[in-house]
Amino acid sequence: MSTITQDSPAAQDVHHDDHHEAPKGIKRWLFTTNHKDIGTLYLWFSFIMFLTGGAMAMVIRAELFQPGLQLVEPNFFNQMTTVHGLIMVFGAVMPAFTGLANWLIPMMIGAPDMALPRMNNWSFWILPFAFAILLSSLFMEGGGPNFGWTFYAPLSTTYSPDSTALFVFSVHIMGMSSIMGAINVIVTIVNMRAPGMTWMKLPLFVWTWLITAFLLIAVMPVLAGTVTMVLTDKYFGTSFFDAAGGGDPVMFQHIFWFFGHPEVYIMILPSFGIISAIIPAFSRKRLFGYSSMVYATASIAILSFLVWAHHMFTTGMPVFAELFFMYCTMLIAVPTGVKVFNWVATMWRGSISFETPMLFAVAFIILFTIGGFSGLMLAITPVDFQYHDTYFVVAHFHYVLVSGAIFSIMAGAYYWLPKWTGNMYDEKLGRIHFWCSVISVNVLFFPMHFLGLAGMPRRIPDYAVQFADVNQIVSIGGFAFGLSQLIFLAVVLKCIRGGEKAVAKPWDGAEGLEWTLPSPAPYHTFSTPPEIK
């Protein structure tokens, strides 16, 4: 365990802006360089984007409730699928993890703040503008982006609406924000750990975020290059992706997925860190196999650069390439399996209690594993020809990203809410939110596997009549899941407004420096670095 010693008053001047309390009003939020404020901004922004993207998903599911065209034009349906994907990836999941990183990393490593506080403010405040630009494109003549969140050429170059330039601009800004956030995380963890906080004493959440930050710096410029080539192909007469001018549309897929597959792990590695904090806390045991978890995370990150073309098995690659990507994809399941084994081994014979964070963590392990198994099925080249671009793929990645990334974010929110607000959340409401979410998410996504196996293609507004019954069930699950998230909003607002006061360490088994601080965590923490014993 860690102890705090206040033995060097000289260290009180470490902090860059030595105000003793938070400034008031709107200025506090606009100009803040405090990691807790910026973390709060990220978390609220991501939740607003989550609800916005969810509303678009409800448009999609309402249209698919029955066969035939019911509510929206096919072009608008395509805009909804595209912007829903972009918002959920870049607006909900990634900013939520960045918010958690801002709040928790300095507290977990005993640092007074993030290393680059002004850049931290800037990296948040450009995000609302990026999404305002993206959403405004929906109201332009010709509509918003309608080519899928993966914006394959020539759909995004030759056949796209005029608003594509706005889409490109907004993606550039999102990428800038991610890179600045990642640099900040790396510099903070490398330079600002408390004395005695060696690498192998770092909490796993800090480790997973450190590795994620390196992934972000590696792949975000690739995305920037991709959207820039789309821009010049569309508006400036280049032909990177146009075969008539000597380009190649398949090259687009290679470049995009070289970004896109590590991006999938950017959206799941911090989840592993959150779950690795929660499972030991509620099992009242140390995490089983800490060092193997660190190495597994690093190996997932390295292997994520060797599997991109498993999204492209149907493009006519040589057989050697298909075999290479098939085996690499199956290989990446091994370190992921190590993690699941370690979490289960941590729970084994533990003194487990099932508060809301633990419920979400256990659901994460089970449902994320289902997503992993369907990913292994997709890795097998000959059968991928059957699954490709069907609802089976939609089911697979939603199991990974909704019951994976989103559930882990909710688990983390419940786990650290007492530390953030100083109040305990309403446990009964939290459990209602959990059960509504976990039942509806399975009603929503599990039947999609069978739709896909039966041959229903993704991203279509109309479908053959034999898929009608299952689509109705899926849509009902979708509306139930969306409405369940309003319970989460109620839990958070109720917790902020008051409730039972939280002690410094509300969970028996919780370990880490953040639990040595009072609840709510004071505006400035660790101006004297704690000593790790």
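Is Thr164 buried or exposed, and what is its relative accessible area? In this predicted model, Thr164 is buried, with a relative accessible area of 1%. That value falls under the 20% cut-off, so the residue counts as buried. Thr164 sits in helix H5, which covers residues 164–191. Beyond its neighbours within four places in sequence, Thr164 is in contact with Phe147, Ser156, Val230, Lys234 and Tyr235.

The chain contains 15 helices and zero strands. Its 533 residues would have a radius of gyration near 24 Å as a compact globule, and the value of 23 Å found for the chain agrees with this. Along the principal axes, the C-alpha atoms fill a box of roughly 70 × 50 × 45 Å. Buried residues account for 57% of the 533 residues. Among contacts with a separation of 6 or more, 82% involve residues 24 or more positions apart. The surface can be described as well: the chain exposes about 21000 Å², and 70% of this area comes from carbon and sulfur atoms. As for charge, there are 24 positive and 28 negative side chains, and the centres of these two sets lie 12 Å apart.

Where pLDDT is low, however, the predicted coordinates should not be read in detail.

Met180 touches Met119, Trp122, Ser123 and Ile126, when residues up to four places away in sequence are not counted. Leaving out residues up to four places away, Ile189 touches Ile105, Ile109, Trp199, Leu202, Val206 and Leu210. Met180 and Phe320 are 140 residues apart in sequence, and their C-alpha atoms are 39 Å apart in space. For Ile189 and Ala361, the separation is 172 residues in sequence and 25 Å from C-alpha to C-alpha.

Gly371 belongs to helix H11, which runs over residues 356–379. This glycine is buried, with a relative accessible area of 0%. Apart from neighbours within four places in sequence, Gly371 is in contact with His396, Tyr399 and Val400. Gly371 and Gly404 are 33 residues apart in sequence, while their C-alpha atoms are 8.3 Å apart in space.

Most residues other than glycine have a negative phi, and most peptide bonds are trans. Against this background, the peptide bond joining Ala153 and Pro154 is cis, with omega at about 5°. Pro520 is placed in the segment after helix H15, a helix made of residues 468–497.

Arg459 is not a glycine, yet its phi is near 60°. This arginine is found in the loop between helix H14 (427–453) and H15. Arg459 is partly exposed, because its relative accessible area of 30% lies between the cut-offs of 20% and 50%. Phe526, likewise a residue other than glycine, has a phi near 55°. Phe526 lies in the segment after H15, and with a relative accessible area of 7% this phenylalanine is buried.

Notes
Residues are numbered from 1 along each chain as its sequence is written. This is a predicted model: local features need pLDDT of at least 70, side-chain atom pairs count only at pLDDT 80 or more; totals for chains, interfaces and linings use all residues. Side-chain values use heavy atoms; hydrogens and water are left out. Helices (H or I, at least four residues) and strands (E, at least two) are DSSP runs, numbered from the N terminus. The radius of gyration is taken over C-alpha atoms; the globule rule is 2.2 Å times the number of residues to the power 0.38. Buried means under 20% relative accessible area, exposed over 50%, partly exposed in between (1.4 Å probe, protein chains only). Contact means heavy atoms within 4.5 Å. Accessible areas come from the Shrake-Rupley method with a 1.4 Å probe; for residues, only the protein chains shown count as cover. Lys and Arg count as positive and Asp and Glu as negative; His and the chain ends are not counted. The place of a charge is taken as NZ of Lys, CZ of Arg, CG of Asp or CD of Glu.
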